[in-house]
Amino acid sequence: MNQVKIQIPSLIENIRVIESFIDNSKDEFEFEDDIYGNIMVAVTESVNNAIRHGNKFDKDKNVYLTLQVEDNQLLFEVEDEGPGFDYDNLPDPTAPENLESPGGRGIFLMHNLCDEVNFLDEGKKVQLIFNIPPAQNGTSN
């Protein structure tokens with residue numbers, strides 16, 4: 001198993017750092033183009049939520065991103081230093097009364113782009129899991 005971790009202050013402009021992290025990880029761990037877009041959207045959305053909702057844009061609080069690469073899955077963990085949230089009682093963004101709301105689609109997107117989404121530590125940590133085919137050539141980095 002390979003693991004990479006970074007931490008960023010809670011500033012929206014640091015989303016660029018996360019995008020670079022994902023690009024570098026794609027090159028290093030050679031994950032497929034067909035899940036790259038899903039990873040980019042789901043992980044950056046999760047980090048955005050951590051900055052915006054978890055840490056309330058407090059630049060003195062950090063967001064932590066971990067990537068664990070195993071034979072058949074990529075596991076991204078995003079953790080903030082906020083109070084957490086009630087992830088079981090979120091409004092449905094597809095409900096007619098919410099269709100024109102500008103927010104509220106991030107977690108819905110994550111659930112649709114990832115193979116598995118888990119909330120831990122009262123919502124302060126989210127796991128985004130992407131299933132990948134086992135390495136065909138038997139090499140590892």
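Tyr87 has a relative accessible area of 29%, so Tyr87 is partly exposed. Buried means under 20% relative accessible area, exposed over 50%, and partly exposed in between, with a 1.4 Å probe and protein chains only.

Tyr87 pairs with Phe119: the ring centres lie 4.9 Å apart and the planes stand at 20 degrees, so this pair is stacked. Rings of Phe, Tyr and Trp (its six-membered ring) pair if their centres lie within 6.5 Å; planes under 30 degrees apart count as stacked, over 60 as edge-to-face and the rest as tilted. Tyr87 sits in the loop between strand E3 (73–79) and helix H3 (106–113), and Phe119 in strand E4 (residues 116–120), so the pair ties together parts 32 residues apart in sequence. Helices (H or I, at least four residues) and strands (E, at least two) are DSSP runs, numbered from the N terminus.

This is a predicted model: local features need pLDDT of at least 70, side-chain atom pairs count only at pLDDT 80 or more, and totals for chains, interfaces and linings use all residues. Residues are numbered from 1 along each chain as its sequence is written, and side-chain values use heavy atoms, leaving out hydrogens and water.

Phe119 counts as buried, at 14% relative accessibility. Phe85 is partly exposed, at 30%. Phe85, Tyr87 and Phe119 form one aromatic cluster. The structure holds four aromatic pairs. In one of them, the rings of Phe85 and Tyr87 have centres 5.9 Å apart and planes at 75 degrees, so the pair is edge-to-face.
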